[in-house]
Amino acid sequence: MSSKDDIRYCHKCSYVFLKFILFFYAIVWWLIGGCILAIGIYAEVERQRYKTLEGLFLAPAIILILLGIVMFIVSFIGVLASLRDNLILLKVFMYTLAVCLLLELLGGILALLFRNQTVDLLNKNIRRGIVNYYDDLDFKNIMDFVQKKFKCCGGQEFKDWSVNMYHNCTAPGPLACGVPYTCCIITKPNEVANTLCGYKVLEKERLNLIDTIYIRGCTDAFFIWLMDNYKIMAGLLLGILLPQFFGVIVSWLYITRVEDAISEHGHYMDGLLASHSPQRQAKSHGRVTKWFKCMPDYD
């Protein structure tokens with residue numbers, strides 16, 4: 001019969017508990033990453049079918065695909081690492097999560113420190129998107145949603161729409177010198193806006209348009225909304241950062257547990273904790289024991 005020391009880590013709940021937690025954590029994010037990747041691929045296929053512009057501007061499909069690939073690969077590494085007790089994969093998983101967490105924090109700090117440059121860059125990209133508003137359906141849908149949601153018009157101001165070839169005052173047609181109907185003020189719930197309600201508004205002064213269109217730019221409107229809903233944004237940020245921090249901590253704890261087990265009971269061999277004891281090598285274990293790589297059996 002094996003001594004108590006031989007089965008020490010099988011009786012310690014921390015090893016099994018940490019393994020369960022890490023495996024469950026990785027598998028959940030692996031499945032989420034796969035779903036995001038599948039949605040991104042589907043959206044990109046649909047975008048390729050209907051797009052008329054070769055250039056891309058913040059294409060949601062591309063963002064989803066890139067995010068899905070990163071989440072899928074990193075989480076899959078975590079799944080394999082937790083199953084095999086592979087120290088190399090465990091450390092890759094932990095350090096990747098830590099790097100992503102640090103980059104997100106660094107990006108947020110830099111955006112706050114250089115907020116004027118960040119706003120200018122955002123306005124520049126919005127104007128670039130406005131140029132191709134009717135050709136890039138992805139940007140059109142995003143811009144229409146933002147203008148209706150935040151009750152705004154354009155990027156920095158409503159006159160940003162003058163960069164569009166159809167809304168420029170020198171253009172022919174009914175859209176000339178106007179703005180999209182999503183800039184128009186709706187006074188009644190579920191009211192259908194007149195598609196030409198923004199007719200010739202670019203020729204008028206801001207104060208004369210207060211009752212016609214939203215004169216505030218979407219950049220300012222968005223940041224005002226953030227300040228008014230800081231609790232929601234704080235919760236969203238915590239919801240993004242805390243799971244990554246939790247993954248780093250659990251990975252680190254599990255790595256220390258595996259390293260302790262290796263130093264205490266044997267050498268490292270393909271992610272398993274092997275013992276030099278002939279009695280232990282000859283011992284047979286059940287499927288559950290083998291699954292969790294606790295007291296593994298070697299031929």
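Biologist: Is Lys19 buried or exposed?
Modeller: Lys19 is buried, with a relative accessible area of 2%. Keep in mind that this is a predicted model.

Biologist: OK, and which side chain does Lys19 meet in a salt bridge?
Modeller: That would be Asp85, at 2.6 Å, N to O. Lys19 sits in helix α2 and Asp85 in the loop between α3 and α4, so the pair ties together parts that are 66 residues apart in sequence.

Biologist: What about Asp85, buried or exposed?
Modeller: Asp85 is buried, at 0% relative accessible area.

Biologist: How many salt bridges does a search of the whole structure find?
Modeller: Three. One of them joins Glu259 and Lys91, at 3.6 Å, N to O. That pair links distant parts of the chain, with Glu259 in helix α8 and Lys91 in helix α4, 168 residues apart. Glu259 counts as partly exposed at 31% relative accessibility, and Lys91 is partly exposed at 32%.

Biologist: And where do Lys140 and Asp144 lie?
Modeller: Both are in helix α6, four residues apart, which is about one turn of the helix. Asp144 is buried, with 8% relative accessible area.

Biologist: What is Val179 in contact with, leaving aside its neighbours within four places in sequence?
Modeller: Its partners there include Cys153, Phe158, Trp161, Leu202 and Ile213, and also His167 and Gly198.

Biologist: Backbone next. What's phi for Lys151?
Modeller: Near 50°, a positive value in a residue other than glycine. Most residues other than glycine have a negative phi. Lys151 is in the loop between α6 and α7, and exposed at 52% relative accessible area.

Biologist: And where does Cys177 lie?
Modeller: Cys177 is in the loop between α6 and α7. Its phi is positive as well, near 65°. Cys177 counts as buried, because its relative accessibility is 0% and the cut-off for buried is under 20%.

Key. Residues numbered from 1 in each chain as written. Predicted model: local features only at pLDDT ≥ 70, side-chain atom pairs only at ≥ 80, totals over all residues. Heavy atoms only, no water. Contact = heavy atoms within 4.5 Å. Helix = DSSP H or I, 4+ residues; strand = E, 2+ residues; numbered from the N terminus. Buried < 20%, exposed > 50% of the residue type's maximum accessible area, 1.4 Å probe, protein only. Salt bridge = Lys/Arg side-chain N within 4 Å of Asp/Glu carboxyl O.
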